[in-house]
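Take a look at the model below. This report goes through one chain, then its contacts with its partners.

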Amino acid sequence: MDIFNSSQDSLVSVHNLTFSRGEKKIFDDISLEFERGKITAIMGPSGTGKTTLLKIIGGQLFPNRGNVIVNGRNVHNLKRDELYTLRRRMGMLFQSGALLTDMTVFDNVAYPLREHSHLPESMIRSLVLMKLEAVGLRGARDLMPNELSGGMARRVALARAIALDPMMIMYDEPFTGQDPISMGALVLLIKSLNTTLNLTSIIVSHDVHETAAIADYIYVLSEGKVVGQGTPQEIQQSSSEWVQQFMNGAADGPVHFHYPAKEYMDDLLHSEKPLFSRHRPSNDRTAKRRRYS
Amino acid sequence: MMDFFRYLGAGTRKSFTKLGRASYFLISILTGIGSVLVRPRLLLKQLHSVGVLSFLIITISGLFVGMVLGLQGFYILSRFGAEETLGVMVAASLVRELGPVVSALLFAGRAGSALTAEIGLMKATEQLSGMEMMAIDPIKRIVSPRFLAGFLSMPLLAALFSAVGIIGGQIVGSGLLGVDDGAYWSQMRANLDFQGDIINGIIKSVVFGFVTSWIALFEGYDAIPTAEGVSRATTRTVVNSAFSILGLDFILTALMFGDN
Amino acid sequence: MSHNNTQDTLVGLFVAAGIASLFFLALQVSNLSSFSHGNTYEVTARFSNSGGLKVKSAVSAAGVKIGSVKAITFDPKTYESVVVMDIDAQYKTLPDDSSASVFTAGLLGEQYVSLDGGGSSDYLKNGSKIEITNSALILEKALGQFLFKSAEEKKSTPDEKKSSGKK
């Protein structure tokens with residue numbers, strides 16, 4: 001049924017998705033397509049809910065409206081068992097790596113294999129070493145996660161994500177907090193994994209240049225809407241102010257540097273504790289607004 | 001004034017919501033226990049961190065509590081010339097009350113807080129989320145084994161506490177203060193009932209183990225995934241466990257020993 | 001793997017220590033071992049007053065515990081207390097004319113039933129009734145009687161008292 005709703009060459013389609021957290025609308029009726037075998041990037045400033053989008057695609061969060069089709073199946077209508085079966089074929093790379101801290105690197109990569117396959121231990125060993133070799137960390141197999149640098153942890157997590165030979169991988173901010181060398185290594189790795197394993201990749205990132213270098217298609221999100229989409233070249237040449245601001249890193253533009261607040265002068269003159277109050281940006285302000293409303 | 005009632009109302013509603021979440025969580029833990037039994041190694045590992053690592057604090061505390069009971073009991077009983085019943089006093093107070101209650105309080109402080117912090121940190125570092133995305137249910141693999149380990153360890157720890165305490169009382173009573181050794185044991189044996197005292201004490205500790213593990217795991221799982229959130233959740237575990245243990249102890253005591 | 005082995009050993013030790021403590025509590029601390037539940041026979045006795053006797057109070061003969069009280073009920077027709085006792089089956093040669101008395105162990109101790117053997121050659125068996133009973137000594141009653149008696153004595157023999165006082 002669902003299969004006919006999405007175009008044949010999309011692995012993941014997001015239709016008219018709306019998601020709010022409390023009062024705030026994170027996504028407002030957005031539709032996205034992720035083509036098979038391609039690297040699609042979702043870009044946008046921090047706080048636009050890019051990670052939330054990945055969690056919705058993975059079925060960890062439920063949208064208020066709209067649906068998500070992965071490989072022809074509506075993620076949020078699946079029964080729990082079906083969802084878990086689907087997730088075996090969806091890899092996700094968390095920003096922190098999310099390695100299990102009480103296991104060695106080897107056991108971390110072996111973990112999904114041991115849980116989901118009934119392979120003999122010798123076979124698991126060869127598979128794990130293959131995956132670790134692919135990310136260049138075969139030598140680090142006996143280390144514990146706390147002995148790894150951030151970049152190494154992310155590569156181990158990548159090895160774990162491809163352990164079950166998924167059809168797709170979702171990368172959550174893969175380039176954040178990396179030194180230039182490991183950043184370069186990761187960019188190459190993502191690109192080569194995508195071609196050699198014939199994966200479909202979804203990258204969520206705000207690192208413009210690295211992402212533009214490997215993505216086949218880019219969506220730019222802002223304030224819950226898609227403000228621009230196209231190939232990296234199209235995006236670069238986009239006439240949209242939003243997209244230009246984001247791609248060029250301008251401090252102010254359509255996307256405001258300031259969190260929404262009432263008039264600055266008003267706030268200064270009528271604040272309750274003008275001199276002694278500690279500077280507590282967002283909390284304080286929302287609390288005050290609630291009281292006044 | 002209106003603000004106060006509004007605050008009260010919101011607070012009440014919040015705690016009911018939390019209780020609802022906790023109950024739902026408990027049901028998922030209990031349904032996950034089946035899969036723990038298939039993987040005894042997971043349970044064994046948790047028995048180690050929950051039970052074995054609490055062993056020392058429980059035995060040492062038990063010994064000292066028993067010795068203090070022996071000392072205090074002796075001073076009071078000797079006023080009435082009833083030093084022979086020291087054994088009864090020490091054993092009854094340990095087996096009925098202090099064993100289950102004090103060991104559960106220590107357990108909440110030693111193992112419960114560690115469980116909350118561990119689960120909370122796993123949540124904060126996206127490990128639980130990561131497992132879910134690997135199609136591995138973190139309740140089954142992470143939470144249920146810990147729950148079962150806590151639930152099984154508690155009666156063993158309480159029994160250990162009482163046993164060591166009774167020996168501590170004997171060391172002080174007959175070793176230092178000169179109560180007749182035979183009287184210590186025989187009076188104890190004549191006056192403590194297996195069904196009424198020992199079994200009821202064990203039932204208490206089973207209940208406490210259940211509740212403490214539940215609270216600790218839920219607070220961890222429900223923690224706000226930040227450093228502050230986890231630290232608050234850990235505090236809540238200790239405080240809520242202590243309240244629950246003492247409150248339940250009163251109810252259980254009234255039910256068990258009421259008609260005697 | 002060696003790490004896992006030590007862990008296993010420690011868990012094993014912990015569980016063993018816990019279970020040993022449970023056994024210790026069951027056998028050494030409580031009355032579970034002193035009296036087997038399985039093989040007992042039941043004997044009934046009627047007392048005009050069973051005092052502070054309770055269920056599970058001891059039944060002894062010549063100071064040795066041979067059983068326990070199973071139930072105590074009040075018979076509204078005869079105004080008597082009906083005490084049912086479980087006697088350990090190994091003591092099956094108690095004469096059927098034995099007498100049962102309620103005694104107190106020490107001044108402040110628990111009350112218990114004491115059986116004193118008679119001379120009959122028939123023995124008590126399951127369901128037997130003990131005919132000869134001595135009720136509990138109620139301390140208040142006994143004290144009251146003692147005071148009353150000594151007051152009477154004082155009244156009736158004032159001379160003796162005086163003479164003894166002179167001595």
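A residue counts as buried when its relative accessible area is under 20%, and as exposed when that area is over 50%. By that rule, 50% of the 260 residues in chain B are buried. Keep in mind that this is a predicted model.

**Chain B on its own**

Chain B has eight helices and zero strands. Read from the N terminus, the elements run α-α-α-α-α-α-α-α. The C-alpha atoms of this chain fill a box of roughly 65 × 55 × 35 Å along the principal axes.

Take the contacts in chain B between residues at least 6 apart in sequence: 84% of them join residues at least 24 apart.

Now the surface. Chain B exposes about 11600 Å², and carbon and sulfur atoms supply 70% of that area.

**One residue up close**

Where is B:Y75 found? It sits in helix α2 of chain B, which covers residues 40-79. B:Y75 counts as partly exposed because its relative accessibility is 47%. That value falls between the cut-offs of 20% for buried and 50% for exposed. Compare B:Y75 with B:S113. The two are 38 residues apart along the chain, and their C-alpha atoms are separated by 37 Å.

**Chain B and its partners**

Two pairs of chains touch, and the pair with the most contacts is chains B and C. Chains A and C do not touch; 13 Å separates their nearest C-alpha atoms.

The size of an interface is often given as the accessible area lost when the parts come together. Here are the values for chains A and B.

| Feature of the A and B interface | Value |
|---|---|
| Residues of chain A in contact with chain B | 23 residues |
| Residues of chain B in contact with chain A | 17 residues |
| Area buried between chain A and chain B | about 1800 Å² |
| Share of that area from carbon and sulfur atoms | 51% |

On the chain A side, A:Q60, A:Y84 and A:E115 lose the most area to chain B. Together they give 25% of what that side buries.

How many salt bridges are there between chain A and chain B? The count is four. One salt bridge joins the side chains of B:D137 and A:R80, with 2.3 Å from N to O.

Conventions:
Residues numbered from 1 in each chain as written. Chains lettered and ligands numbered in written order. Predicted model: local features only at pLDDT ≥ 70, side-chain atom pairs only at ≥ 80, totals over all residues. Heavy atoms only, no water. Helix = DSSP H or I, 4+ residues; strand = E, 2+ residues; numbered from the N terminus. Buried < 20%, exposed > 50% of the residue type's maximum accessible area, 1.4 Å probe, protein only. Contact = heavy atoms within 4.5 Å. Areas by Shrake-Rupley, 256 points an atom, 1.4 Å probe, with all protein chains shown as cover. Buried area = accessible area lost by both parts, 1.4 Å probe.
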